[in-house]
Number of protein chains: 2
Amino acid sequence: MPGYRLTIAYDGTDFHGWQKQEPPDAPPLRTVQAVVEHAIRTVVREPVLLSGASRTDSGVHAEGQVGFFRSTLDLPPERMIRAINSRLPADVLVRAILPERDDFDPVSEAIEKHYRYRLVHSISRGAHRPLFDRNITAAIAYPLDAAPMHRAARDFVGTHDFASCTRLHHGREHTVRTVTACTVRLPDPGDPCRIDIDVCGGGFLYNMVRIIAGTLIEVGRGAREPTDIPQMLAMKDRRAAGPTAPPEGLCLMSIRYGGSAHAENPACIG
Amino acid sequence: MPGYRLTIAYDGTDFHGWQKQEPPDAPPLRTVQAVVEHAIRTVVREPVLLSGASRTDSGVHAEGQVGFFRSTLDLPPERMIRAINSRLPADVLVRAILPERDDFDPVSEAIEKHYRYRLVHSISRGAHRPLFDRNITAAIAYPLDAAPMHRAARDFVGTHDFASCTRLHHGREHTVRTVTACTVRLPDPGDPCRIDIDVCGGGFLYNMVRIIAGTLIEVGRGAREPTDIPQMLAMKDRRAAGPTAPPEGLCLMSIRYGGSAHAENPACIG
């Protein structure tokens with residue numbers, strides 16, 4: 001049965017995250033998985049199951065989520081993408097479709113994921129609040145200093161126990177993960193109040209990128225020393241890290257697979 | 001009485017244009033003028049009248065609309081901007097406030113306005129539909145060729161009778177206007193399906209920029225010769241021009257005044 005690998009982009013603002021949620025006593029929630037799966041079904045005219053590489057949270061965005069489905073319908077990818085996109089709402093879009101092995105698993109075969117956290121700071125000082133990109137940028141009221149944030153970020157890189165950087169009762173047995181890159185930069189030379197935090201790694205715990213961002217924001221406002229990260233990680237305690245940064249700043253940029261061209265932002269591949 | 005000049009940015013998607021509209025038999029419409037004027041009144045605690053340089057249509061955006069009001073309250077501009085912005089909704093923002101003469105008229109004193117029309121074409125072919133910028137970009141189904149559009153654009157420059165480029169029964173006695181710049185360019189080297197049309201001029205007729213854009217789109221799809229513009233203008237007939245392009249692609253970028261620093265995009269000042 002032909003397999004199809006999809007690169008999916010979405011504005012997560014009006015979605016309850018990626019994963020299908022069908023409460024027994026209420027209507028199904030609007031999720032990306034449900035909406036895209038429904039569009040695929042109307043194209044292939046048979047039941048399909050769309051799996052996804054990453055269960056992004058409510059309000060989190062994607063440029064390069066990866067999905068996979070099988071169908072008895074053998075359609076050229078360029079016709080398949082056109083048919084699916086014509087059935088999708090304005091806030092979600094299939095950017096690419098590739099033929100794929102029918103036993104492909106987008107979760108276990110992912111080699112590296114790249115997340116970006118976008119923020120604008122010093123909002124309360126004046127006129128820097130995000131406007132046209134307000135859905136995909138977190139607004140921080142107070143000023144941040146990017147230099148100590150950049151210093152602190154490098155201590156997240158490596159293989160560590162990230163138990164401090166996930167929510168309590170996360171249900172995962174192992175909390176050791178490998179971060180391959182973690183950088184803080186000013187994306188717009190004309191706007192010193194914009195900061196992008198890029199985090200790449202083989203896999204992430206629940207809320208891990210948003211807690212890394214929240215901890216770096218504490219460093220940027222001077223509430224935490226830039227050399228504090230190793231000790232924070234060593235405590236293996238959620239309370240040692242900063243708060244979970246709000247979802248609207250987070251975007252799943254790309255996912256790399258073996259021999260794949262799905263690394264859409266090679267600059268961040270560690 | 002102190003005067004204040006404001007640079008105002010807004011996402012026009014959810015506004016019924018700039019100008020206050022208070023139908024006698026219905027609730028007032030949500031317009032930019034009404035929303036910003038209301039925020040100013042709650043700051044200065046007295047009646048104010050906010051005038052604006054340009055009556056942008058429903059759905060049209062602005063980076064650099066210019067507004068003006070007088071108040072007995074003499075507040076430093078940096079405190080005024082902070083107070084007003086803290087009372088504005090997410091889709092409108094005051095970017096700058098300057099002290100101004102109390103008899104300033106933002107309409108008659110404007111020297112030059114810069115509009116940008118943003119579009120993405122070839123939507124029906126695949127995955128190029130605008131996503132995160134869908135509010136501020138027009139989506140054109142068919143492919144466009146930018147080269148003949150660029151050729152045609154230069155024939156709009158100059159002082160012409162633009163009667164062909166405004167709606168019938170426009171109510172203006174004089175339809176001669178001066179366009180100082182009109183260019184077609186690809187803003188993103190990585191995305192050949194994006195086109196920006198920049199138009200600058202001393203003043204514009206109703207719908208004029210959107211009709212210029214709609215005419216250039218006809219040239220881009222091959223439905224009109226690139227050398228057709230002078231004859232189209234000479235006909236002084238609305239039916240000789242192309243259709244009015246949709247509002248979401250249009251943005252008022254900046255307005256230039258004598259000796260002012262409000263020219264936010266000097267690249268387009270003719």
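**View 1. A salt bridge links A:R134 and B:D11.** In this predicted model, the two side chains meet at 3.3 Å, N to O. A salt bridge here is a side-chain nitrogen of Lys or Arg within 4 Å of a carboxyl oxygen of Asp or Glu. Across the interface of chain A and chain B, the rule finds 2 salt bridges.

**View 2. Several elements of chain A face chain B.** Strand 1 (3-10), strand 3 (61-70), helix 2 (77-85) and strand 4 (92-100) each put in at least two residues; helices (H or I, at least four residues) and strands (E, at least two) are DSSP runs, numbered from the N terminus. Strand 4 gives the most, with 4 residues.

**View 3. Chain A and chain B bury about 2100 Å² between them.** Of that, 56% is on carbon and sulfur atoms; buried area is the accessible area (1.4 Å probe) that two parts lose on being put together, summed over both. Contact (heavy atoms within 4.5 Å) involves 26 residues of chain A and 26 residues of chain B.

View 4. A:C182 counts as buried, at 6% relative accessibility (buried is under 20% relative accessible area, exposed over 50%, partly exposed in between; 1.4 Å probe, protein chains only).

**Notes.** Residues are numbered from 1 along each chain as its sequence is written, and chains are lettered from A in the order in which they are written. Local features need pLDDT of at least 70, side-chain atom pairs count only at pLDDT 80 or more, totals for chains, interfaces and linings use all residues, and side-chain values use heavy atoms, leaving out hydrogens and water.
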